[in-house]
Amino acid sequence: MKKTLFGKAVVKWAALCLSVCVAAFLAFPAGAAEFKKEYKMQLNVGPTFYWGMGAVKFAELAKAKTGGKINIKPYFGSSLLKGAQLKSAQLVANGVIDCALESTINISPVIPECNIFSLPFFINTYENLDKLENGKTGKAVFAAMDKKGIVGLAWGENGFRQVTNSKRAIHKPEDVKGLRLRVVGSPIFIDIFRQLGADPVDMNWGDAVTAFQQGVVDGQENPVGVLLPVQIWQYHKYATFWNYLVDPLIFYWNKKEWNAFPKDIQKAIKEAALEAGEYERALCRAGLDGEKSINILKTKFNYTMDIPEPVKHMEAKGTTVTFLTDEERNAFIAATKPVFDKWVKELGADLYGKATADLKK
Ligand code: X2X
């Protein structure tokens, strides 16, 4: 009798186990990915920057569009890299970090093609930038990334970089001479400022604000989306808006991990990146491209800018903002020509040809 009861219990247990297994099989069919609890995302700045807001938006959208399966956590201020911002692409490529929203400058050590955006006085306008990102150049950059084990998902933006300093208004190349300027530790930046007779100091962004505070450097160069949150006017009275080069951001993912995602998950994450990119780009351009980006933010994202007129805002805080005349700009083009020529060679005729063709469209 006991034996039979025991036998029945075993059968019941076996049936229960089997049904759990079947349920599990139905819920996670063979080949389906198991998702990580958290996907680590690298970015070089903090959450109050437009760039940081773009990263947060991406994480929110990816979660919503995947029904909560993909949980991306932004790690701000290059905390995963101990501040070494130029290592981002390397660590995503080798899978230590899952994904990133990073500047082309910070990607350039692994993807030298990204330096196309850092050619001095080459791109100059949003219209030109859009042509490159959406054209053959953008495709070539993403293809180069793919070869190195990172998948480009969408473009974002840091913006056209403007120079600020505590000494004088910059109108002509001679005004840059002797200025000690913080730059990112990327060789093209050192070349440009050496060529102009400045004293470029390469420094991670994580150390830069302290250097401004302590007056270790006279100035720096960064887009409006960085100048505003650090309140650059506290350190530098002069800003020259010269759009001398630009750094787009790229949302990208470790290729091996990306390829293992089911197609619907890939599609959802990519859509999230494209949408977050549009939002973030509009934040960075707001007040610098007429009403265009302000309107995108209002109509599509129901977002109103805190600082809708960044130049006026900086002036109200005491900054002397200089815009170059065409003649002044030409003097800078001439002064930086040797660096331009050197880096066109480095980039190669193929990529440079693609970029000039894109610009003609
Ligand atoms: O380091 C910089 O200057 C910054 C914040 O703009 C980048 O990460 C490229």
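Is cysteine 114 buried or exposed? Cysteine 114 is buried, with a relative accessible area of 1%; buried here means under 20% relative accessible area, exposed over 50%, and partly exposed in between, with a 1.4 Å probe and protein chains only.

Before I continue, a word on the basis of these values. This is a predicted model, in which local features need pLDDT of at least 70 and side-chain atom pairs count only at pLDDT 80 or more, while totals for chains, interfaces and linings use all residues. Residues are numbered from 1 along each chain as its sequence is written, and side-chain values use heavy atoms, with hydrogens and water left out.

Let me stay with the cysteines. The structure holds zero disulfides, a disulfide being a pair of cysteine sulfur atoms within 2.5 Å. The cysteine sulfur closest to that of cysteine 114 belongs to cysteine 284 and is 17 Å away, which is too far for a bond. Cysteine 284 is likewise buried, at a relative accessible area of 5%.

I turn now to salt bridges, of which the structure holds 19. The criterion is a side-chain nitrogen of Lys or Arg within 4 Å of a carboxyl oxygen of Asp or Glu. In one of them, lysine 255 meets aspartate 146 at 3.1 Å, N to O. Lysine 255 is in helix 11 (residues 255-260) and aspartate 146 in helix 6 (residues 136-147), so this pair ties together parts that lie 109 residues apart in sequence. Helices (H or I, at least four residues) and strands (E, at least two) are DSSP runs, numbered from the N terminus. Both partners are partly exposed, lysine 255 at 25% and aspartate 146 at 32%.

The side chains of arginine 161 and aspartate 247 form another salt bridge, at 3.2 Å, N to O. Here too distant parts of the chain are linked: arginine 161 sits in the loop between strand 4 (150-160) and strand 5 (162-165), and aspartate 247 in strand 10 (residues 246-254), 86 residues apart. Both arginine 161 and aspartate 247 are buried.

Lysine 337 is partly exposed at 45%, as is aspartate 341 at 34%. Elsewhere, Lys36, Asp98 and Glu257 belong to one network of salt bridges that share partners.

Finally, the pockets. On a 1 Å grid over the protein atoms alone, a pocket is an open set of points, reached by a 1.4 Å probe, with protein on both sides within 12 Å along at least five of seven lines; lining residues have an atom within 4 Å of a point. The largest pocket holds about 280 Å³ of space. Its lining has 15 residues, and those closest to its centre are Asn124, Gln162, Phe241, Asn243 and Phe323. Domain 1 (39-158 + 248-305) and domain 2 (162-244 + 309-340) each supply at least three residues to that lining; the bounds come from an automatic or database domain assignment.

What is the volume of the second largest pocket? The value is about 220 Å³. Its lining includes Thr48, Tyr50, Trp233 and Asp306. Both domains give residues to this lining, so the second largest pocket lies between them.

How values were computed: Points joined across faces, edges and corners; volume = space filled by probe spheres on them.
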